[in-house]
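Biologist: I'd like to learn how to read a few features here. Could we start with the strands?

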Amino acid sequence: MPEDTKSPSPPPPGNEPKPGAEKQSGAAQSTSSADKPAPAAVPPKPAAPAKPTGPVPVPWDSPMVAKLRQQYGSGIREANTYLRQNYLVVDSSLLPELLQLLRDEEQFDYCVDITALHYPQREKQFDVIWILYSFARNERIRVKTQIADGAPAPSAVSIWPTADWLEREVYDMFGIIFEGHPNLKRILLPDGWKGYPLRKDYGIIQQDQEWVQINLGIESGQ
Amino acid sequence: MLNYIQSYLNSNVTPGQAGNFFWAFVYIVLIFTGLSIAVIAMNWLERKILAHMQVRLGPMRVGPHGLLQPIADAIKLLIKEDIMPAEADKVVFWMAPLMVVIVAFTTFIVVPFGPTHAVTDMNIGILFMLGVSSLGVLGIVMAGWASNSHYPLIGALRSSAQMVSYEIAMGLAVVSAVLMTSLTTNGTGTLSMIGIVQAQQQQQIWFIFKFFPLGLIAFFIFAVAMVAETNRAPFDLPEAESELTAGFHTEYSGFRWSLFFLAEYSSMIAVSSIAVTLWLGGWMRPFPNWLSGDSWDMAFSLVPGLTFFFLAGMAFFSTMRMPKHPYFRLQTLGLGGFGGLLGLIGIVLLLPGIRERVQDIYWFAIKVAVSMYLYIWYRGTFPRYRFDQLMKVGWKVLLPMGVGVLVLTAIAGVLL
Amino acid sequence: MTERTSNLELDAPRDKTFLDANELIINMGPQHPATHGVLRVILKLDGEKVLGTECVIGYLHRGVEKIAEHRTYTMFNPYVDRMDYVAAVSNGLGYCEAVEKLLNVEAPPRANYIRVILTELNRIASHQLWLGTHALDIGAITPLFYTFRDREEILKIFEKYCGARLTTHAFRIGGCQYETYEGFEADVKKFVAFVTPKIDEYEELLTTNRIWVERTRNVGLITGKQAIALGVTGPVLRASGVKWDLRKAQPYAAYPDFDFEIPIGQNGDTFDRYIVRMQEMRQSLRIISQAVERIPEGPIMAKVPKVLKPPVGEIYHSIEAPKGELGYFIVSDGSTQPYRVRVRPPSFVNLQALDMMVRGSLVADVIAVIGTLDIVLGEVDR
Amino acid sequence: MEPVATTFFFYLLAGLAILGGVLVITRKNPVHSALALILTLLAIAGLYLMLYAPFVAGVQIILYAGGIMVLFLFVIMLVNIERSQKEHQFNGQWMVGLLAAVALGGLFMGVFVKGRALFPEPAAKFAETDNTQKIADLLYSNYMLAFEIASLLLLVAIVGAVVMAKKRI
């Protein structure tokens with residue numbers, strides 16, 4: 001029964017062909033092929049196999065982006081709008097500073113969510129995503145970064161206390177370490193569990209057999 | 001034999017005072033069984049009344065309108081596994097429910113159901129009741145500690161703090177009522193339960209209306225404190241199920257648990273009896289002065305019997321309304337038999353020799369029943385107090401009120 | 001047994017008060033009548049005073065997000081109902097709208113109106129369930145039965161509409177699967193007329209009840225600033241004085257068409273949260289009666305293909321669920337199955353505020369605060 | 001009312017009191033000791049009743065068994081019992097204790113054997129009914145000053161307790 005065959009899920013389409021592409025919006029798994037340097041013109045349509053023409057990301061121009069670009073230069077890899085939603089793709093090294101700045105100066109005082117994506121084929125396997133909202137501007141943005149497996153992401157707990165559990169959940173599900181988190185441990189899964197279920201190489205019916213046998217006294221949870 | 005009964009019926013003191021062991025024993029047995037039946041009935045009534053307050057039906061399955069539900073419950077409790085936690089202190093764990101029950105029943109020795117209907121009349125009657133009922137907290141503390149578990153311990157802690165605090169306000173209210181007894185013609189007051197009622201008879205007023213509104217305030221203080229004393233909503237913190245699962249009896253099950261249940265309800269009846277005795281005229285029928293005269297006496301003495309006839313009538317009416325399906329035959333017969341029994345009791349209560357003697361008990365029971373209904377009503381209406389608020393009410397509201405009422409009663413007693 | 005360890009012992013030296021020798025560690029839950037499911041709270045007490053708490057969650061974890069990656073967009077739709085199972089309609093609405101956005105289709109107006117009506121009915125049902133259980137926790141047992149009696153009427157409407165009462169799966173991606181049944185409008189109107197006095201009835205039992213007020217006033221205080229920092233949303237945020245409701249801030253479905261207000265509180269205590277939710281029920285009734293009056297004719301499904309293959313891309317869409325901001329972050333890789341679905345659960349984030357809200361208060365307040373946060377463990381654990 | 005089976009009840013209650021007293025000092029668990037002490041107090045209350053002193057008996061039950069012992073018990077329950085159970089039950093002064101007990105016992109025996117003449121004949125029995133009233137009369141007439149001083153002392157104790165507790169809060 002372990003082989004439900006589905007476990008290694010369908011390879012993420014656009015992205016994996018260009019692993020580790022530095023300049024590319026690897027982060028933006030989204031518009032895989034639309035990997036333009038940010039302010040460029042309308043990127044080519046995604047080579048989406050399926051649909052005719054979907055909406056495409058367009059560059060996002062706003063005073064804030066301009067300011068950030070001025071400050072961080074190429075650290076801001078992308079600033080696009082897709083389906084009327086804005087997102088930034090940034091270098092992970094800028095993050096602590098950038099997040100702090102977004103809260104203090106740009107009034108993104110509410111951290112809606114922190115989550116991650118896994119692209120096993122890429123060199124930097126993980127996208128970490130911060131979804132932020134500003135009450136003053138009634139505006140939502142996403143900040144994305146790429147990090148490699150095992151590399152730490154900066155913790156935002158000191159900036160938004162709400163990041164505490166959200167980061168713990170990302171750690172629980174993806175195994176991403178958040179540096180500076182006061183109490184980084186599993187939150188939904190038991191403490192002794194091995195493996196990170198939301199990684200793509202973790203099968204859907206896979207489980208920590210050892211844990212199940214020891215703690216539940218049954219052969220398998222399946 | 002008949003003469004013996006006759007002589008008893010003519011006696012005008014309680015069997016304890018007369019030194020009549022046989023009748024004292026009979027009374028003890030009667031009170032014990034009567035109390036058990038009252039607790040069972042109370043259980044059924046509480047569930048029914050609460051259910052109707054909460055737009056539901058309550059027990060309906062066992063017997064007509066769930067009348068036999070308490071019996072089914074009792075059987076269930078008796079045959080349930082009796083669990084004793086491995087880490088519990090066995091001896092204390094075993095003693096705690098006994099202690100609670102013994103205390104709850106002992107208080108009834110001095111409860112005057114009528115001028116002669118008490119096991120005995122003690123010189124310190126009211127003091128005895130308060131003292132013995134204050135021992136109940138011992139059982140609760142023992143239960144909480146012996147369970148060797150956190151929730152029971154917190155429950156016991158809450159309960160002892162609560163009972164000790166409210167006993168003070170309760171005592172002050174009681175003292176102000178006792179003070180009123182000293183305004184009789186002979187000038188000395190009394191602590192005897194029967195004496196207190198006789199004082200009300202003599203002064204021709206229920207103490208709740210004495211020195212209006214002083215008596216009323218004292219009664220109010222007592223009414224609040226007695227709910228707290230018996231750990232009932234809204235003061236049911238020791239067993240707050242949403243906080244402490246079940247408080248001090250969390251670890252108890254089966255028969256031992258049912259002893260706690262029995263004790264809780266009998267102590268509710270006990271404190272209600274104190275309230276009735278002290279403020280509501282005890283066994284006296286309504287308006288003994290205003291509607292006086294032989295014909296009124298006669299009329300009122302018929303009420304108990306008529307009440308039973310009414311209940312019997314209700315039972316027969318329900319019997320007729322029972323579904324005609326053969327499945328219900330047994331239930332129908334049972335209900336009819338129950339109605340017949342009630343009617344029989346009604347007839348007995350109408351016999352001239354008996355009705356004069358028994359109507360005291362009836363009026364006393366009615367007054368207690370009203371108080372018990374209030375208990376249920378509180379439970380359906382009020383949220384639960386928090387612990388600090390409970391203490392605040394006890395110490396900062398009831399206690400000063402009690403002292404004030406006591407002082408004012410003394411002043412009023414001297415001046416008026 | 002690799003039991004979950006609490007970090008309370010670990011962080012003891014950080015807090016001066018933790019050195020007190022009288023402390024008592026109590027385990028509340030996962031089997032406890034007042035934790036609304038399988039929440040486990042480890043309490044550190046000094047007498048009755050709470051020095052700190054730690055929530056242990058995950059007992060109901062079903063890996064919804066993992067399942068999503070192995071189901072098609074359509075197949076995953078029923079799963080979202082099982083997260084916040086008392087507000088299943090809201091969950092479905094959020095998910096359907098998110099996928100619609102990803103597909104770049106819009107539900108037709110009639111479908112949007114039906115969605116609003118059902119969602120608002122569901123909000124009332126959710127608030128009623130909250131009120132009943134919350135009051136029960138605080139010791140008032142009677143409101144529970146009143147609210148369940150009235151919630152039944154909502155569930156009956158759901159049942160007539162889609163055949164299910166709790167996990168309704170009422171909407172489809174692109175609109176609604178079912179046209180309203182005969183007499184739907186009449187039923188809804190009847191319900192509005194029926195429940196309006198009932199809400200007054202609940203308030204009569206509680207709002208002016210001294211004990212209720214004492215138990216809830218200044219309990220579980222949270223200021224607007226703290227609430228925002230902790231990411232708390234929904235009625236809890238609004239009770240702290242922040243006038244923010246996604247139905248107004250970033251309107252979705254047919255909400256721009258309706259006239260309603262956002263009730264807010266001032267103190268951010270349990271009483272204000274109670275008042276805010278009571279007012280919200282009334283506002284929901286207002287929206288429902290407007291929607292039912294103006295419901296347009298027309299199709300109920302947009303043109304969507306049989307096999308959904310959204311273009312490569314990602315979307316975050318959130319709605320105002322009864323508990324707060326319910327967001328779906330969906331990443332499509334162009335295939336029939338989502339590459340990733342992330343649910344931003346309001347209960348999960350709100351529960352995080354528990355520790356801050358109860359520190360220094362009494363055990364009984366912990367119960368009140370858990371109740372007032374209105375968590376559903378199905379959503380916390382997913 | 002006339003007491004019945006006086007002798008039987010006297011020995012029963014006295015036996016219970018002694019049994020409780022012995023248990024108090026021999027039980028290792030302080031909670032058990034406290035419970036045994038309550039037994040003793042209740043037995044003594046019974047003895048008071050037999051001596052036609054119902055008021056004293058009632059006060060004994062309310063104050064000692066009901067009030068003080070409950071608080072006492074609670075304090076004991078909250079301390080660490082495991083530790084006290086490991087400690088030695090008796091310390092090395094048992095010799096002295098034994099001597100004192102023997103001396104006291106000798107004294108009692110001496111009084112019992114020789115001292116009958118020392119005590120007057122039993123005074124006329126008060127009727128049980130007015131015992132409480134008599135106590136009240138005495139308290140508020142002859143012993144007024146002592147009574148008030150006692151209450152003042154208690155007040156001082158209460159104030160002191162409040163001050164001490166307040167410091168910690």
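Modeller: Helices (H or I, at least four residues) and strands (E, at least two) are DSSP runs, numbered from the N terminus, and two strands pair if DSSP finds at least two bridges between them. This is a predicted model, where local features need pLDDT of at least 70, side-chain atom pairs count only at pLDDT 80 or more, and totals for chains, interfaces and linings use all residues. Residues are numbered from 1 along each chain as its sequence is written, while chains are lettered from A and ligands numbered from 1 in the order in which they are written.

Biologist: Which residue stands opposite C:Glu314 in E7(C)?

Modeller: That's C:Val331. E6(C) and E7(C), residues 324-332, pair in the antiparallel sense over nine bridges.

Biologist: What order do the strands of that open sheet take in chain C?

Modeller: In general, strands of a sheet pair through backbone hydrogen bonds, either parallel or antiparallel. Here the order is E6-E7-E8 in chain C, with antiparallel pairing. Strand E6 (313-321) and strand E8 (338-344) of chain C are the edges with a single partner strand each, so one side of each has no neighbour in the sheet.

Biologist: And A:Leu189, buried or exposed?

Modeller: A residue is buried if 20 or more other C-beta atoms lie within 10 Å of its own, exposed if 12 or fewer, and partly exposed in between, with C-beta atoms placed from the backbone. A:Leu189 has 21 within 10 Å, so A:Leu189 is buried. A:Leu189 sits in the loop between strand E8 (178-179) and helix H4 (209-216) of chain A.
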